[in-house]
Amino acid sequence: MRLVMLGPPGAGKGTQAQRLVQKYGLLHLSTGEILRAAVASGTPAGLNAKAAMERGELVPDEVVVAIVAERIAQPDAERGFVLDGFPRTVPQAQALDRILGERGVKLNAVIELKVDEGILVKRIETRVTQMTARGERLRSDDNAEVLKGRLAAYRELTAPLVDYYAASGLLRSVDGMAPIDAVTAAINRILRSVGKAKPARRKARAGKVLKAPQPRSDAGPSARKGTNLGSN
Ligand code: AMP
């Protein structure tokens with residue numbers, strides 16, 4: 001199964017991608033994570049990406065396309081993958097089609113997490129305040145101003161992918177404002193309907209664990225909804 005998670009920063013893409021990884025044994029391919037690791041280890045791609053990432057801007061298409069092409073060519077991607085944070089522009093989506101076409105495979109579905117941006121910004125501001133008060137470490141792009149820039153980049157450059165994938169019949173939209181478990185359930189229903197969702201045997205138990213009861217209502221908004229800054 002080859003999937004794309006689509007949605008603005010803070011929508012819960014990373015959280016849901018992790019659950020798909022556990023349930024279906026897919027490879028989680030987050031360009032944001034790969035880039036952060038590249039920045040931390042000072043590779044040429046990392047040095048190229050650092051300034052844009054800190055400003056909340058997109059890294060050049062050719063940098064991320066090269067990263068994804070290389071990763072998808074590795075043997076562990078053959079069992080399927082979930083792309084989280086890629087593609088983010090129409091040229092990236094076209095490059096992905098080319099990369100997959102060269103390998104004789106296609107995407108099975110693009111899952112869009114639909115969220116209310118205004119509520120998202122408020123939640124993230126609250127979360128950053130809470131994390132700062134607790135003395136927790138924030139990502140260098142975790143602040144409301146940078147987030148607004150990232151949302152603007154999403155609207156301008158990434159949102160057109162909704163039409164791109166609707167036109168190819170791959171788009172499936174989910175209410176990303178619902179509780180995390182409800183979003184997961186909706187995604188699983190979609191995957192059953194695209195007829196490819198076969199839970200990985202070894203991982204099936206991990207999938208069950210995830211059907212835990214809903215977080216208590218006093219667990220805070222970020223526990224109930226997909227607003228984990230670190231994994232989106
Ligand atoms: P993320 O963790 O997906 O929110 O990504 C963090 C940052 O990495 C983004 O704000 C961009 O600067 C950069 N980035 C990640 N994925 C891409 C991509 N597909 N295209 C361009 N920049 C990206």
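The side chains of Asp181 and Arg19 make a polar contact at 2.7 Å. A polar contact is a pair of N or O atoms within 3.5 Å; within protein, one must be able to donate a hydrogen and the other to accept it, and residues adjacent in sequence count only if both atoms are side-chain atoms. This is a predicted model: local features need pLDDT of at least 70, side-chain atom pairs count only at pLDDT 80 or more, and totals for chains, interfaces and linings use all residues. Residues are numbered from 1 along each chain as its sequence is written, and side-chain values use heavy atoms, without hydrogens and water.

**Asp181**
- Asp181 is part of helix H9, residues 180-193 (helices are DSSP runs of H or I, at least four residues, numbered from the N terminus).
- Asp181 counts as buried because its relative accessibility is 17% (buried means under 20% relative accessible area, with a 1.4 Å probe and protein chains only).

**Ligand contacts**
- A ligand nitrogen atom lies 3.0 Å from a backbone N or O atom of Val59.
- A side-chain N or O atom of Gln92 is 2.9 Å from a nitrogen atom of the ligand.
- For the side chain of Arg150, an N or O atom is 2.6 Å from a ligand oxygen atom.

**Ligand shell**
- The shell around the ligand holds 6 nonpolar, 5 polar and 6 charged residues (Ala, Val, Leu, Ile, Met, Phe, Trp, Tyr, Cys and Pro count as nonpolar, Asp, Glu, Lys and Arg as charged, and the others, Gly among them, as polar).
- Helix H2, residues 31-41, gives the most to this shell, with 4 residues.

Technical notes. Helices (H or I, at least four residues) and strands (E, at least two) are DSSP runs, numbered from the N terminus. Buried means under 20% relative accessible area, exposed over 50%, partly exposed in between (1.4 Å probe, protein chains only).
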